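Reader: Could you walk me through this one, from the overall numbers down to single residues?

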Amino acid sequence: MQPIIEVKDLSRIFKIKGKWGLGPSKIVEALRGISFQVKTGEIFGLLGPNGAGKTTTLKILTTLLAPTNGQAHVLGFNTFGQEKQIRPRINFIFGGEKGFYWRLNAVETLTFFSDLYEIPPAIQAQRIPKLLDLVGLSAIDAKREIETYSKGMKQKVQIARGLVNDPEVIFYDEPSIGLDPVSAKNFREIVKQLASRGKTIILTTHYMAEAEELCDTIAVIDQGRILTCDSTANIVAGLSDESATLHVSVTALTAEKKSVLDRIRSEYPVAVTPAGEDRVDLRIHFPSQAAAREKSAALFSELEALELHIEKPTLEQAYLNLIQHRNPDGVASIPNH
């Protein structure tokens, strides 16, 4: 099957002038020959530190920025030169509060952007109320001026705006910024619904748990280079540190338990967190999964534990391990375990 997005040897160089136009210009390589593919109906995550090249990549894929070298194809069309074939079939949703006309309300905003896509009024009349309901904006709130909205409400309008043309490919640049936990959870459900309908979604986020829950495939980019691109499960399994954290819940620490805890602390890092009037949570960091398993039975007995389990490796652990072991040129160098 033909990939819906194909990026090959893509680079982008910016020439930044000195302050006030004085002094020497600075050359910045935002992208350094990146390549990847995205399948139809896939949720593809693009992760990396600030300044890694994520937004530059999205701007090129959404036809807002020309590449310096290389090519990017979306829906089979070149993003530089065939923009008119791409733009009606995609949409781009960014985090933050830009892109609004503050004196318009949510209904007027969605109507305005629908008109830009030349969507017939009859379709707008059916689609806009459904989009407002989808993102959880009430009929009353939808008729208030956007300048009166909270940051989270503005982000809901952004999400709805990105769906007015029923796009085949949706680009999300940190879309859950400003959302409270309930709204963020609802957003993730929206993304899953869209993917189940065959929409292709490209997502950037700094929330590793969000990426781990949503993304089928993840590319990690840093200093303009792709460090890894694989399924989320493979990245977690392959890049998570072999170390393990044992989570133990115990009742109040008696003298005997404190003695056991002191012994453990002499060998391994331990974090102690109060979890109620008569309960303490311990997180014990072991150098390997095998060491954690070997010690778990004895610790369960000695600490009279209420609960004990070895925490599963996470995308956050894998991501940090990858970023921390890259070399100064932005190339991953994962140590052998």
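Predicted model: local features only at pLDDT ≥ 70, side-chain atom pairs only at ≥ 80, totals over all residues.

Reader: What share of the residues of the protein counts as buried?

Author: Buried means under 20% relative accessible area, exposed over 50%, and partly exposed in between, with a 1.4 Å probe and protein chains only. The protein has 337 residues, and the buried share is 45%.

Reader: How many helices and strands does the protein have?

Author: These are DSSP runs numbered from the N terminus: helices are H or I with at least four residues, strands are E with at least two. The secondary structure comes to 11 helices and 14 strands.

Reader: In what order do the four strands of the open sheet run?

Author: Two strands pair if DSSP finds at least two bridges between them. Strand S2 (26-38) and strand S5 (77-78) are the edges, each pairing on one side only. S4 (residues 69-74) and S5 pair in the antiparallel sense over two bridges. The pairing in the sheet is antiparallel, and the order is S2-S1-S4-S5.

Reader: Which residue in S5 is the bridge partner of Val 74?

Author: Strand S4 covers residues 69-74, and that range takes in Val 74. Its bridge partner in S5 is Phe 77.

Reader: Is Leu 110 buried or exposed, and what is its relative accessible area?

Author: Leu 110 has its place in helix H3 (residues 106-116). Contact means heavy atoms within 4.5 Å. Not counting residues up to four places away in sequence, Leu 110 touches Ile 128, Leu 132, Val 157, Ala 160, Arg 161 and Val 164. Leu 110 is buried, and its relative accessible area is 0%.

Reader: How far apart in space are Leu 110 and Thr 56?

Author: In sequence, Leu 110 and Thr 56 are 54 residues apart. In space, C-alpha to C-alpha, the distance is 26 Å.

Reader: Which residues does Ser 296 touch, not counting those up to four places away in sequence?

Author: Ser 296 is found in helix H10 (residues 289-302). Ser 296 is buried, with a relative accessible area of 14%. With that sequence cut-off, the residues Ser 296 touches are Leu 246 and Leu 308.

Key. Residues numbered from 1 in each chain as written. Heavy atoms only, no water.
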